[in-house]
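Biologist: Please walk me through this structure, one element at a time.

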Amino acid sequence: MMCGDAIEVRELDELYINLDPIQAAGRLTPEAMKAVIAYGDGYSVCDFCRKPFRLDFIEKPPVKTFHQDLARWLNMDQVRLVAGARRGFHAVAHTFAREGDVVLLTALSHYTEFLAVEAARAIPLEIPKSRGNIITAEAAAEKIEEVMQQHGRPPALLFVDHFDYQFGNEHEVKAIARVAHQYDIKVLYNGAYTVGVLPVDGKDLGVDFVVGSGHKSMAAPAPSGVLAVREEYAGELFRTTAVRGDVTERTFGIKEVEMMGCTLMGVTLVAMMASFPEVRERVRQWDAQLRNSQIVVDALRSIEGTEIVSEYPRRHTLTRVNTTRSFDRVARTHRKRGFFLTSALKERGIAGIIPGATRVWKFNTYGITEQQARHVADAFREIALENGLSVT
């Protein structure tokens, strides 16, 4: 079946257990699938946009209520929907960092956080990671002191991931926020791998901004994300336009500058709304997701030469593994070379691992059932035994 000339129907999640590290929690719910069909046209939601002509004021469908619900759910004061987490990083950096200001990131920050700081003409500096690939409050405090000595003033902002994208390790967000606030540094919480999969309470964490990814973790189409803020910073972050055309003398009402007038619209917005009831419910099942992940991790650890590179025990379903001394050893002489592993997994109905990867690679078990987790675990063990590796 084709969607159009040369566009094949995508069936990955229908035909396989998908372990792709960035796709697992962005898989649409059935309700979101319906919304995609109903609201797929470009300006679909704009049918309902009335004065004052801003998306977050639309009452039918209940866009306005959805914003309020999201803010309460994250225990923050105001929310806007954005075209991906990166747009949230950009809005915060552009608003609160001036040219030449230092913004602290971490040694495990995503590249889009660096780009957001660069776009603001600020200076990105990194908090080092520990030997175990954890960002600690102690390292954050040392870096802040270093910035104070070198630049004569504290950083303007600090961005910290709760769980990073490289290892899926948990970092000391709450303690880091406490340290940063002692220097009056505002803190952005990057929840690209948390908002939508596990409970997030912005005020309990002590952060000033919460950014999440709709297409990574909220069962929404790309590009979509959420930007939440405490009331004390909402006025500046969501400031409205003040310009006037010099020829026409036009003004533009309550359009927000950092949102470029309109926030997330159309199918991305409505699909995120459609998934929200299920997303809100599923975060309560995080422990079950971790147990399923542990089944797969234990299977990999039972294969000779295989090392879990992420922190252990695991606190997230995204895991990095080193199979240089196991599956890669097989790949060196196998007729399919490095592709033997993904080929063997695919024969067993499992996909999402980078084709050819047999050294260091990542997987994410989020969303699979216990039965599927046991199937994946058995598959790794079987493939190892078939290729001469021992399994304990």
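Predicted model: local features only at pLDDT ≥ 70, side-chain atom pairs only at ≥ 80, totals over all residues.

Biologist: How many bridges join strand 12 to strand 14?

Modeller: Strand 12 and strand 14 (residues 360–364) run antiparallel. L318 has N364 of strand 14 as its bridge partner. The number of bridges joining the two strands is 5.

Biologist: And which residue of strand 12 is the bridge partner of E307?

Modeller: Strand 11 (residues 307–308) is joined to strand 12 by 2 bridges, and these strands run antiparallel. The partner of E307 in strand 12 is N322.

Biologist: What are the edge strands of the open sheet of 7 strands?

Modeller: The strand order is 4-10-9-8-7-5-6, with mixed pairing. An edge strand pairs on one side only. That gives strand 4 (78–82) and strand 6 (123–127).

Biologist: In that sheet, do strand 7 and strand 8 pair in the parallel or antiparallel sense?

Modeller: Strand 7 spans residues 157–161 and strand 8 spans residues 186–190. F159 stands opposite L188 in strand 8. Over 5 bridges, the sense of pairing is parallel.

Biologist: Is helix 14 parallel, perpendicular or oblique to helix 15?

Modeller: Helix 14 covers residues 339–347 and helix 15 covers residues 370–386. Their axes come within 10 Å and cross at roughly 130°. That makes the arrangement of helix 14 relative to helix 15 oblique.

Biologist: How many nonpolar residues are in the contact of helix 14 with helix 15?

Modeller: Helix 14 contributes F340, L341, A344 and L345, while helix 15 contributes A379, F380 and I383. The contact has no polar and no charged residues. The nonpolar count is 7.

Biologist: Where is R337 found?

Modeller: R337 touches A331 and R332, leaving aside residues up to four places away in sequence. From G225, R337 is 112 residues apart in sequence and 39 Å apart in space, C-alpha to C-alpha. R337 sits in the loop between helix 13 (327–331) and helix 14.

Key
Residues numbered from 1 in each chain as written. Heavy atoms only, no water. Axes fitted to C-alpha atoms, helices over the stretch in contact; angles between N-to-C directions. Helix = DSSP H or I, 4+ residues; strand = E, 2+ residues; numbered from the N terminus. Parallel < 35°, antiparallel > 145°, perpendicular 65-115°, else oblique. Contact = heavy atoms within 4.5 Å. Nonpolar A, V, L, I, M, F, W, Y, C, P; charged D, E, K, R; others polar. Pairing = 2+ DSSP bridges.
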